[in-house]
Structures are given as structure tokens and as C-alpha cells.
Amino acid sequence: MSKVLLVDDDEGIRLIGQRALEGIGLEVYLAANAKEGLDLFSKNKVSLVITDLKVPGQTGLSLVLDIRKINPDQPILVISGGDLEAEWFLRAAREAGGVRALSKPFEIEALIKEVSSLLDGN
């Protein structure tokens, strides 16, 4: 069973994401902030990290960079609202490769499609 780490400060997003991802047979770890996310990432072998760009404690960008130091090849999906900082990061992430992005609000089907694609190595 593939394991996914979902980092978002919005409890609703975490719970909806957890239900959707468990519904397609994934084991899901949840974190409300970047520190919890990095701790869970360090202790568990996950197939995919999903993180909001803006999480308490440090930014999602910092979390992505910390994860990249541990595993440069870790598949990561960044989710974020549409402010200018987010748009800049999402564009840079797409250009750099290895990080995919999904803008909020998104449909559950879009999340599942992105997650499935990343887990399949596409």
C-alpha cells in the first residue's frame, strides 16, 4: 500500500483529502503544520507528499526544500490558493520539474488524478 503525507493547516482539507485518498487504497498521514509534516516525513517512508504552500511554522516552500535535502527525488504535489507568491512558486515548481501543483479550490477528482499520476511515475 502506498503512503501519502498530506500537510495543510485547514482541517477540512486534511479530512476531505484523507477520505478521498484512503478511498483509492492509500495510507494517509496528516500534518497541520510544516514541523509535523517534516517529522512524519522523516519517520515514515512515503510515496508522495502533498503540502499546502502556506502552512504554520514555515512555508510550504521551506518544507519542500527540507524534504528535497532528505530525498531529492521525492514526488511532491503542492496545493495553494491563487495569491501572487503562490503563483510564482507554482510556476517555478512546474519549470523545475519533480514538483507538481494544484490550485485551490480544486475538485476531488483533480486531486485523485494528480496523485494517481505521480504515484504511477508520470
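Five of the five residues of strand 3 are buried (under 20% relative accessible area, with a 1.4 Å probe and protein chains only), so strand 3 is largely enclosed by the rest of the structure. Strands (E, at least two residues) and helices (H or I, at least four residues) are DSSP runs, numbered from the N terminus. This is a predicted model, in which local features need pLDDT of at least 70 and side-chain atom pairs count only at pLDDT 80 or more, while totals for chains, interfaces and linings use all residues. Residues are numbered from 1 along each chain as its sequence is written, and side-chain values use heavy atoms, with hydrogens and water left out.

- Five strands form an open sheet in the order 2-1-3-4-5, with parallel pairing; two strands pair if DSSP finds at least two bridges between them.
- The edges are taken by strand 2 (27–31) and strand 5 (99–103), each with a single partner strand, so one side of each is left without a neighbour in the sheet.
- From one strand to the next, the twist averages 20 degrees.

**Strand 3 and its partners**

- Strand 1 (residues 3–7) and strand 3 (residues 48–52) run parallel and are joined by four bridges.
- The bridge partner of V4 in strand 3 is L48, and V7 stands opposite T51 in strand 3.
- Strand 3 is also joined to strand 4 by four bridges, and these two strands run parallel.
- In strand 4, T51 has V78 as its bridge partner.
- Both faces of strand 3 are covered: L48, I50 and D52 are buried on one side, and V49 and T51 are buried on the other.
- Strand 3, helix 3 (residues 60–70) and strand 4 make a right-handed β-α-β unit. A crossover is right-handed if, with the strands pointing away from the viewer, the path from the first strand over the helix to the second runs clockwise.

**Salt bridges**

- Side chains of opposite charge can pair when their charged atoms come close.
- A salt bridge is a side-chain nitrogen of Lys or Arg within 4 Å of a carboxyl oxygen of Asp or Glu. By this rule the count comes to five salt bridges.
- K104 forms a salt bridge with D8, and their closest N and O atoms are 3.1 Å apart.
- This pair links distant parts of the chain, 96 residues apart: K104 lies in the loop between strand 5 and helix 5, and D8 in the loop between strand 1 and helix 1.
- D8 counts as buried, at 0% relative accessibility. K104, at 23%, counts as partly exposed, the class between buried and exposed (over 50%).
- D8, D52 and K104 are linked in a network of salt bridges.
- K35 forms a salt bridge with D39, with 3.0 Å between the closest N and O atoms.
- Both K35 and D39 lie in helix 2 (residues 34–43), four residues apart, which is about one turn of the helix.
- K35 counts as exposed at 57% relative accessibility, whereas D39 is partly exposed, with a relative accessible area of 32%.
- The side chains of D66 and K69 meet in a salt bridge (3.9 Å, N to O).
- D66 and K69 both lie in helix 3, three residues apart, about one turn of the helix.
- D66 is partly exposed, with a relative accessible area of 21%, whereas K69 is exposed, with 70%.

**The cis peptide bond at P105**

- Most residues other than glycine have a negative phi, and most peptide bonds are trans.
- K104 and P105 are joined by a cis peptide bond, with omega about -10 degrees.
- P105 is found in the loop between strand 5 and helix 5.
- P105 is exposed, with a relative accessible area of 80%.
- The C-alpha atoms of P105 and S80 are separated by 8.2 Å, and these residues are 25 residues apart along the chain.

Technical notes. Axes fitted to C-alpha atoms, helices over the stretch in contact; angles between N-to-C directions.
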